Amino acid sequence: MSLTTGTSRLLQSTLTPFLYPCLDTTWIALRPSASSPLYRSQRRCQTTASPSHPHASPPTDLPEIFPSDYTNTPFTDSCSLTLTAGPGGHGCISFLREKYIPDGPANGGDGGTGGAIYIQALRGETSLHKLARRGTLKAGRGKNGQGTSKGGRRGEDVVLTVPVGTVVREVWRVDPVEEEEMGRRGKGFGADLDREEREEHEGNGEGEGKWQGTDQSLKWRREKWLLYPGILPKSFTSADFPALPRPRRSNLAVSQPPAPLRLDLDKPMATPMLLAAGAMGGLGNPHFVTKSVPRPKFATKGDDALRIHVQLELKLLADIGLVGLPNAGKSTLLRAMTASRARVGDWAFTTLSPNIGTVVLDNQRGRVAGLTSLPVYPDGEPRTHFTIADIPGLIPDAHLDRGLGLGFLKHIERAGVLAFVVDLGAGDAVEAVKALWKEVGEYENLRSGELSVETQRTAPGEDALSTYQPFTSTASPSEFGGDLLLDPQPARPLPPLTLPPISSKPWVVVATKADLPETQENFASLQSWLTEVETGTQAHPSGRKNGWRRKLHALPVCGLKKEGIDGLRKIFVELLGES
Ligand SMILES: Nc1nc2c(ncn2[C@@H]2O[C@H](COP(=O)(O)OP(=O)(O)OP(=O)(O)O)[C@@H](O)[C@H]2O)c(=O)[nH]1
Ligand SMILES: [Mg+2]
């Protein structure tokens, strides 16, 4: 009885505040009253102003953002990587040795296959910076075989996780299996040719001595063989060795995409996709038992691994891109809508590389206020969040690469929906939107010209992106100590990606600093201009006939006080459904 009472008292003291907060008297006592300053400040943070009266509040009570509240999130939208699959483990040279069997048969195990490299596009990822930092990715080496016919373990696999919308393009590859096959076919490796082929050559009157020479020199590939410890190579004659086994590929290699790699990972992937299979392990000494050599004291080494140099590029930077002149309030808006802690400053070019923030629409515990249903992705999956990119400010003549212009415009091209952010307190908002569109439109013209030049340069039938040329060096890899130290081809820049035209993307105008006095008129003229563009009375600001004109909204917001944010979120969700 006393135990029950004790348990219930314990429960009351520890769990009640969490399960039934309304019953907990201590919590009630601590809760700020409606008149306390804390409560008032909380209520002020939660208010969302009606967009129709944004200017009602005076601009004096603006919250301050302290420098200690800034964090710099790293971001990279393209990178080059060298992917090296795992080399195979060596075969083992071993003999059975037991009581009464001092010189048993060969029982060395085969080496393990090397680890493979996979790629997987996931929705939670937003940047390639983690991969860009690494530069080279290597899968694990297969373990060596062991005595008593124990095969070596497989090498560790590596999975690259990338954001959805990543494009993977191959720059060059070194495929040792392909090279060896080519060498055998092209150079006539006598020892490894089929007997019929050989006889055919001899029948054609080619000297036997010549074949003999090729035969012996190519059979003996020191770097391919492992010798029993303590035995010097000179104690073998090359005739003791059988022909080198043909190069093999692991069974996994059949699911490798064809070379050259050109992948557009525009959907989230349930399972990783193979990019490079690991190399095969070497063969243990039982593989070389013959009548004349019953106890072979050699095994083969594991194969060298496939190496691919790829370029990764994000086709989609974020769902929404904030485009604006410097100091328009883009970073403040991003902070208001997401948990981003982007730096804010009262000067131009506070932001120099994109900041990406995520707006959570459904956090598994409920939807954000005002959303009755969730938007869906093109594949029908409900969209529980979307991303916003705060892109550095554009300046006039950015399309001529003035002030890092082209770099910033490249980011704009990669956003799904464009949100033109204009400062209502910095002059005519219509002129500001027109100036922004002018830069974007000029950049689009430039890009379409660039693409057509690239298409003309490509010979008909040739792959427009990259063509695979296996490494054709006169020196064999063994001359580099079995390992190639240099890139087989210098990394050449790949042609630009073909992306949808910017002017056909949905767009919206966000009028910031609506708390500033006397900005109503500016906003009203912006709204009427947008209505004219929508109805076709005014030309599309990009100068293109087929520019996006449906549902053109302008929304006044105050990023500092988070006013007008709910309405903006709803419009973004609506436009994402259209994009
Ligand atoms: N009154 C008022 N000031 C704002 C508002 N939003 C931003 N500001 C101020 O405007 C200045 C610039 O804001 P940022 O968010 O850094 O502007 P930005 O567009 O990111 O600037 P860059 O990164 O340089 O292109 C800061 O001093 C902000 O405090 C707003 O809604 N109202
Ligand atoms: Mg900024």
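1. **Ground rules.** Because the model is predicted, local features need pLDDT of at least 70 and side-chain atom pairs count only at pLDDT 80 or more, while totals for chains, interfaces and linings use all residues. Residues are numbered from 1 along each chain as its sequence is written, and chains are lettered from A and ligands numbered from 1 in the order in which they are written.

2. **Helix 9.** Helices (H or I, at least four residues) and strands (E, at least two) are DSSP runs, numbered from the N terminus. Since 8 of the 8 residues of helix 9 are buried, the helix is largely enclosed by the rest of the structure. Buried means 20 or more other C-beta atoms within 10 Å of the residue's own, with C-beta atoms placed from the backbone. Its buried residues, including K330 and M337, pack against strands 11, 12, 13, 14 and 15 and against helix 13 (565-578); contact here means C-beta atoms, placed from the backbone, within 7 Å.

3. Look next for an open sheet of 6 strands, in the order 12-13-11-14-15-16 and with mixed pairing. Its edge strands are strand 12 and strand 16 (554-556), each pairing on one side only. Two strands pair if DSSP finds at least two bridges between them. Strands 11 and 13 run parallel, joined by 3 bridges, and I320 has I388 in strand 13 as its bridge partner.

4. **Strand 10 and its partners.** Strand 10 (residues 307-314) is mostly covered, with 6 of its 8 residues buried. Strand 1 (residues 78-84) pairs with strand 10 in the antiparallel sense over 7 bridges, and L81 stands opposite V310. Strand 5 (residues 166-174) also pairs with strand 10 in the antiparallel sense, over 8 bridges; here R173 stands opposite I308.

Definitions and conventions:
Buried ≥ 20, exposed ≤ 12 C-beta atoms within 10 Å, placed from the backbone. Contact = placed C-beta atoms within 7 Å.
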